[in-house]
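Trainee: Could we look through this one together, starting with a single residue and working outwards?

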Amino acid sequence: MHVQEWLDTVPAAAVYAVVALVIGLESLGIPLPGEIILVSAALLSSQHGGIDPVVLGACASAGAVIGDSIGYAIGRKGGRPLLAWLGGKFPKHFSEGHVATAERSFQKWGMWAVFFGRFVALLRIFAGPLAGVLRMPYWKFLIANVLGGIVWAGGTTAVIYYVGVVAEDWLKRFSWLGLVVAVLIGIASMLIVKRRASKAQQTPEPVTAGE
C-alpha cells in the first residue's frame, strides 16, 4: 500500500491519544520520546485531513500539564528517596550528575525552570518530580507548568504543521519524505540529548536543595 494511503487510514483519535499519553508519561518522569512523537504527529496532521492540528496541540498540552502535575505530586510524596530509586532504574537519565544539573537550574531560575525546562529534554523529564521533591509552592509550579505546556506543545505543533503545509507539493510527490524528515528530526533530538547527558555526567558532585 502506498505510504500516503496508509497514513490516511490512521484514526485521528488514535493519534491524539498516543500523543497525549506519551507526552504525559514523559512529563511524569518516565524517559520517553515525547518530542519526537509530537513532531511526527504534527507533520502527519499536515498531510492527514482528519487530524486537526488545534486538537492535536490541545491534547499534547493537556498531556504535558497533567503529566507534570502527577509527577509533582509523586515527587512531593516520595522526596529524595524517589530520586535515588529512579537513579537505580534509569541511570542514564537520573544519574547524580543529571539530578545536580536540574537542581541548579531550579535554584537559579525557580518557577521559570519549569517553564523553560519544557523545551529541554533533560529538564522536561525532571521538572514535575523535582519540583515536588524541592517542595516548590504548587501555585507557582502550576502557572509555569500550564504556560510552558501550552507554549511548547502548541508552538511545536504549529511550526511543524505549517512546515508540512509549505512542503505539501513535495510531500505529494514523495510520500515517504514526511517519514524521512520525522526520522531525521528524531535522530538529531537523540544526539542532542546524548550530548547534554554526557556534559551533565561530568558534573563533579550533586548540589543539595539546601545549598
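**A buried pair and its surroundings**

Mentor: Let us begin with Asp68, which is buried at a relative accessible area of 1%; buried means under 20%, exposed over 50% and partly exposed in between, using a 1.4 Å probe and protein chains only. Keep in mind that this is a predicted model, where local features need pLDDT of at least 70 and side-chain atom pairs count only at 80 or more, while totals for chains, interfaces and linings use all residues. Residues are numbered from 1 along each chain as its sequence is written, and side-chain values use heavy atoms, leaving out hydrogens and water.

Trainee: OK, and which residue does Asp68 form a salt bridge with?

Mentor: Its partner is Arg118, with the closest N and O atoms 2.9 Å apart, and a salt bridge here is a side-chain nitrogen of Lys or Arg within 4 Å of a carboxyl oxygen of Asp or Glu. Asp68 lies in helix H4 (residues 53–89), whereas Arg118 lies in the loop between helix H6 (111–117) and helix H7 (121–133), so the pair, 50 residues apart, links distant parts of the chain. Arg118 is buried too, at 2% relative accessibility.

Trainee: Why would two such side chains pair at all?

Mentor: Side chains of opposite charge can pair when their charged atoms come close. By the rule above, the count is one salt bridge.

Trainee: Switching topic, how many helices and strands are there?

Mentor: The protein chain has 10 helices and zero strands, where helices (H or I, at least four residues) and strands (E, at least two) are DSSP runs numbered from the N terminus.

Trainee: And what about the span of H2?

Mentor: Helix H2 covers 17 residues (12–28) and should span 24 Å, which agrees with its end C-alpha atoms being 24 Å apart; the expected span is 1.5 Å times one less than the number of residues. Its buried residues include Ala12, Val15 and Tyr16, and just after H2, Gly29 takes a positive phi of about 125°.

Trainee: Which residues form the nonpolar patch on the surface?

Mentor: They are Trp109, Trp112, Phe116, Phe119 and Val151, with about 550 Å² of accessible area together, calculated by the Shrake-Rupley method with a 1.4 Å probe, counting only the protein chains shown as cover for residues. Patches are made of residues with over 30% relative accessible area and no salt bridge, joining like charges within 9 Å and nonpolar side chains (Val, Leu, Ile, Met, Phe, Trp, Tyr) within 5 Å. Phe119, in the loop between H6 and H7, is partly exposed at 38% relative accessibility.
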